[in-house]
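User: I am new to this structure and would like to go through it in a few questions. Please show it first.

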Amino acid sequence: MKVTLKNVTKKFGSTVAVNDFSATFPDGHLICLLGPSGCGKSTVLNILCGILDVTSGQVFFDDDDVTSLSPEQRNIGMVFQNYALYPHLTVLENIAFPLEVQKVNKKIRIEKAKEIAELVHVENLLHRFPGELSGGQQQRVAIARALIKNPKLLLMDEPLSNLDARLRLEMREEIRRIQIETGVTTIFVTHDQDEAMSISDSIILMKDGVLAQEGLCTELYNQPNSKFVADFLGNPPINVIEGYLEKNKFIFDDNSGSIFLENMTDLNMPNMTKLFENKKLTLAIRPESFILDKIISKDDTDKYDKNLFQVLSVFKQTREELAHIKIGTKELSIFLPDDSDVKKDDKVILSIKQKGCFIFNAQTGERLK
Ligand SMILES: Nc1ncnc2c1ncn2[C@@H]1O[C@H](COP(=O)(O)OP(=O)(O)O)[C@@H](O)[C@H]1O
Ligand SMILES: [Mg+2]
């Protein structure tokens with residue numbers, strides 16, 4: 001089932017939790033609603049399942065306007081962060097519970113519960129109580145319970161936040177497998193970019209109740225349309241410097257230094273440069289977008305004036321090195337190849353790749369391209 005939100009606004013008193021939000025969730029896809037805490041993700045889910053009514057706007061399931069339907073009339077499965085299982089019911093009874101509410105015949109509901117238990121791999125835990133299960137197992141039971149009515153839409157609100165790191169990775173893959181096997185349209189809320197990237201068909205990134213950008217995670221990462229999007233995705237975060245451009249030289253706002261952007265072909269277009277000159281801009285460079293041109297030893301007497309950085313620290317990681325460097329008053333994080341030989345207190349000359357290097361209007365945060 002395709003889900004559409006059309007100009008949805010939700011106010012709680014003077015707080016605008018969701019602001020003129022429009023989005024489409026295609027049939028059979030798993031879409032992540034991603035964004036910082038408080039940006040309105042849970043409010044959107046609660047509007048979709050009918051727990052909250054909208055202040056204005058409409059909700060469509062396929063072509064039907066469901067804005068005024070009650071939760072019971074919508075046939076939606078919900079999974080929350082805190083499992084919300086009934087402690088005094090067994091796994092089997094928990095899974096079958098929604099069918100019991102619907103007064104489905106006992107034999108049928110047990111059959112159906114066993115079938116769903118197999119799908120989520122808890123078939124050998126049917127007679128245990130929730131208190132006798134691990135967090136991951138409890139969340140599997142909660143997913144089974146959400147799926148037992150063959151919902152047309154599955155909503156998951158930060159379902160993995162209570163699990164430890166390893167289980168979280170395992171359950172990501174499991175949720176994806178279950179979603180693909182059932183083909184149910186799923187909206188998965190998270191504030192964790194890695195989770196969103198690994199689990200979803202595509203992402204809707206929210207900020208302050210507004211849709212910031214939607215698309216594949218690689219599109220958001222490689223083609224952010226605003227400083228917010230560029231900054232939200234990426235770990236360590238993208239390096240951000242305020243300043244202005246002179247040709248392809250970006251000069252820092254405090255005049256403590258500058259960076260040459262020789263590879264940025266965008267900047268070579270004559271009218272582009274004019275447009276940028278002396279405007280307040282934000283330069284953002286991903287840590288992996290630096291190329292190591294030269295390491296300068298202490299007794300090197302040549303004069304270098306281009307992109308000369310001082311190395312503050314180098315951390316070995318499994319696949320690369322993370323270094324902190326300084327130019328002028330600005331400190332940046334960069335990734336180096338794991339065999340770079342760069343050491344603390346070295347000086348290095350770096351050039352900047354076009355990919356992962358962006359320029360934003362400093363006032364509006366909008367990307368200039
Ligand atoms: N029932 C409520 N009453 C008042 N304000 C609320 C209520 N629910 C959410 N809010 C506010 O709406 C905004 C969005 O909240 P929420 O949707 O829970 O964000 P998220 O799930 O992205 O963390 C926040 O500012 C929050 O404080
Ligand atoms: Mg929330």
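User: How much area is buried between domain 1 and domain 2, and what share of that area do carbon and sulfur atoms give?

Analyst: This is a predicted model. In it, the area buried between domain 1 and domain 2 is about 970 Å². The share that carbon and sulfur atoms give is 68%.

User: Which residues of domain 1 lose the most area to domain 2?

Analyst: Three residues of domain 1 together account for 52% of what that side buries. They are Gln 193, Tyr 221 and Asn 222.

User: Where does the domain assignment place the two domains, and what distance separates their centres?

Analyst: The assignment gives domain 1 as 3-226 and domain 2 as 232-361. Taken over C-alpha atoms, their centres are separated by 41 Å.

User: How many residues of each domain are in contact, and how many salt bridges are counted between the domains?

Analyst: Contact involves twelve residues of domain 1 and nine residues of domain 2. For salt bridges between domain 1 and domain 2, the count is zero.

User: What is the volume of the largest pocket, and which residues lie nearest its centre?

Analyst: The volume of the largest pocket is about 590 Å³. Its lining is made of 20 residues. Those nearest the centre are Ile 76, Gly 77, Met 78, Pro 98 and Lys 149.

User: Which helices and strands each supply at least two residues of that lining, and how does the lining divide by residue type?

Analyst: By type, the lining of the largest pocket has 14 nonpolar, three polar and three charged residues. The elements that each supply at least two of its residues are β6 (76-79), α2 (91-101) and α4 (135-147).

Definitions and conventions
Residues numbered from 1 in each chain as written. Chains lettered and ligands numbered in written order. Predicted model: local features only at pLDDT ≥ 70, side-chain atom pairs only at ≥ 80, totals over all residues. Heavy atoms only, no water. 1 Å grid on protein atoms, 1.4 Å probe; cavity = no way out; pocket = protein on both sides within 12 Å on 5 of 7 lines; lining within 4 Å. Points joined across faces, edges and corners; volume = space filled by probe spheres on them. Helix = DSSP H or I, 4+ residues; strand = E, 2+ residues; numbered from the N terminus. Nonpolar A, V, L, I, M, F, W, Y, C, P; charged D, E, K, R; others polar. Domains from an automatic or database assignment. Contact = heavy atoms within 4.5 Å. Buried area = accessible area lost by both parts, 1.4 Å probe. Salt bridge = Lys/Arg side-chain N within 4 Å of Asp/Glu carboxyl O.
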